[in-house]
Amino acid sequence: GSGPRRVERALPDGARVAFERNDDSRVFALHLAFAPRSASEPPGRAGIADFLHRLYARGSTVRDAASLSRALDALGATLKTHDDPRIPYDDYYTTPEFSFVRLEMPADRWRDALDLVAEVVRFPRLESADVEAVRAEMLDLLRREEESPRRVAVRLLDGALAPGSPAASPVLGTPESVRAIGAGDLRSFHDAYVTGRRLIVTGTGPVEPEAFLDAIAETLGTLPAGEEPPRSEPPRGAAPGPVGERVLGKPQAYLALGALIDPDPADRPALAVAVERLSDKLAFRLREQRGLAYSVGASLGRLGGRTRLAIAMGTRAENVETALAGIREEMAAFREHPPGPDDVARGAAALRGRRLMRRMTRINQAYFDGLAILEGASPGAERAEADALLAVTAEDVARVTRRYLDPARLAVVIVR
């Protein structure tokens, strides 16, 4: 086609839509984001958005799970409506900020697939057998989470960094909230949540953008606009030092250290490289050389619109104090002797490679475009951010390390 490759449009119901035409392959991907997720959940009903999304996979008012499954198979389509606990670490896109529906398929019958997704999202099946099956599934997942030192530590750290904020609300809810959710709750939540003002639709594939926009306008552009979505205050962060401890009595313990920071936009590329190098150094010194860690790493993430710096480490229960001291020593040494030019170049290239790999799949391209719209950036912004990593110098890394990576500012959670 000779038309524009990328088109963006706001629909009359308030939904924001962006599509990028891409003829590299015959794959079509569609991503729906509903935002905000946790801030939209009624009091005492944490996890209701995840509950609703799990029901999407079970059909609609006019077709059951088996019939939906057959229809998707006939289209060669993969539909994902919630996190899959069998895939480790794919939960980077499971967040209190938004819920998602992801579809990937051969492009030939994309229009039929869009009708199917719209049907499930607009008219979910709320039969009591399906509701009870999802409730049992969620309670089982929550039980397993309670036994994972890693999950418990991350949740406690988020709760400490964002006390009382939707940003720290558990996506799966709590056993109490999940038991309390009834079909009536799901119906009224659906009506308030699946609305134009909360919806961001992104897609990519070998399809005319105008045809995609028209199809979205017909299927999802007629949703009620809904209330103005709630705005949350940014989380305030936690005091440094011990903020939470939980005893699970497991042989493996877990340490989570973190702080909320607000880096200057110009510092972001250098900070990303600094944290990547710090992560590498912690792994080498504490895991390889000293044998203190099963796993250890430093990362940057988002929490309620702020940047979360986190250091997490799995270690033997009897090594907790030594491991904590080790993290602090290594961070202090990293500030004292930041990485040199070769080291910085290596870290920047590795980080950029990982980011570009994440963008390889069509569905992740659509996901990142949705994320950019949600954060008020232009779609494709993270590609430019990946390229900016290559311009980072050793001086930049030393400067941002001194400014943001201070072990004395970190809150500490211990799960034994």
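**Close-up views of a predicted protein chain**

**Figure 1. Overall view of the protein chain.** In the protein chain, residues 24 or more positions apart make up 83% of the contacts with a separation of 6 or more, contact meaning heavy atoms within 4.5 Å. This is a predicted model, in which local features need pLDDT of at least 70 and side-chain atom pairs count only at pLDDT 80 or more, whereas totals for chains, interfaces and linings use all residues. Residues are numbered from 1 along each chain as its sequence is written, and side-chain values use heavy atoms, with hydrogens and water left out. The secondary structure comprises 14 helices and eleven strands; these are DSSP runs, numbered from the N terminus, with helices (H or I) of at least four residues and strands (E) of at least two. The C-alpha trace spans about 60 × 50 × 35 Å along its principal axes. The radius of gyration of the protein chain is 22 Å, which agrees with the value near 22 Å for a compact globule of 416 residues; this radius is taken over C-alpha atoms, and the globule rule is 2.2 Å times the number of residues to the power 0.38.

**Figure 2. The open sheet of six strands.** The strand order is β1-β2-β6-β3-β5-β4, with mixed pairing; two strands pair if DSSP finds at least two bridges between them. Strands β1 (6-10) and β4 (78-80) form the edges, each pairing on one side only. Neighbouring strands of this sheet are turned by 10° against each other on average, direction ignored. Axes are lines fitted to C-alpha atoms, for helices over the stretch in contact, and angles run from 0 to 180 degrees between N-to-C directions. Strands β3 (residues 27-34) and β5 (residues 99-106) are antiparallel and share eight bridges. Within this pair, Leu32 has Val101 in β5 as its bridge partner. Helix α8 (residues 209-219) packs on the sheet and touches β1, β2 (16-21), β3 and β6 (199-205); the direction of α8 makes about 150° with that of β2.

**Figure 3. The nonpolar cores.** A nonpolar core is a set of buried Ala, Val, Leu, Ile, Met, Phe, Trp, Tyr and Cys residues joined through side-chain atoms within 4.5 Å. Buried means under 20% relative accessible area, exposed over 50%, and partly exposed in between (1.4 Å probe, protein chains only). The largest nonpolar core has 55 residues, of which Phe28, Leu30, Leu32 and Phe212 touch the most other members. Helix α3 (residues 110-122) supplies the largest share of this core, eight residues. Not counting residues up to four places away in sequence, the contacts of Leu32 include Phe100, Val117, Leu199 and Leu220. A second, separate core has 41 residues, among them Ile261, Leu271, Ala298 and Val412.

**Figure 4. The open sheet of five strands.** Here the order is β7-β11-β8-β10-β9, again with mixed pairing. The edge strands, each pairing on one side only, are β7 (241-246) and β9 (295-303). From one strand to the next, the twist averages 20°. Strand β9 runs antiparallel to β10 (residues 306-316), and nine bridges join them. Ser299 has Ala310 in β10 as its bridge partner.

Figure 5. Ala381 lies in helix α13 (residues 381-388). Ala381 counts as buried because its relative accessible area is 18%. Between Ala381 and Leu351, the separation is 30 residues in sequence and 16 Å in space, C-alpha to C-alpha.
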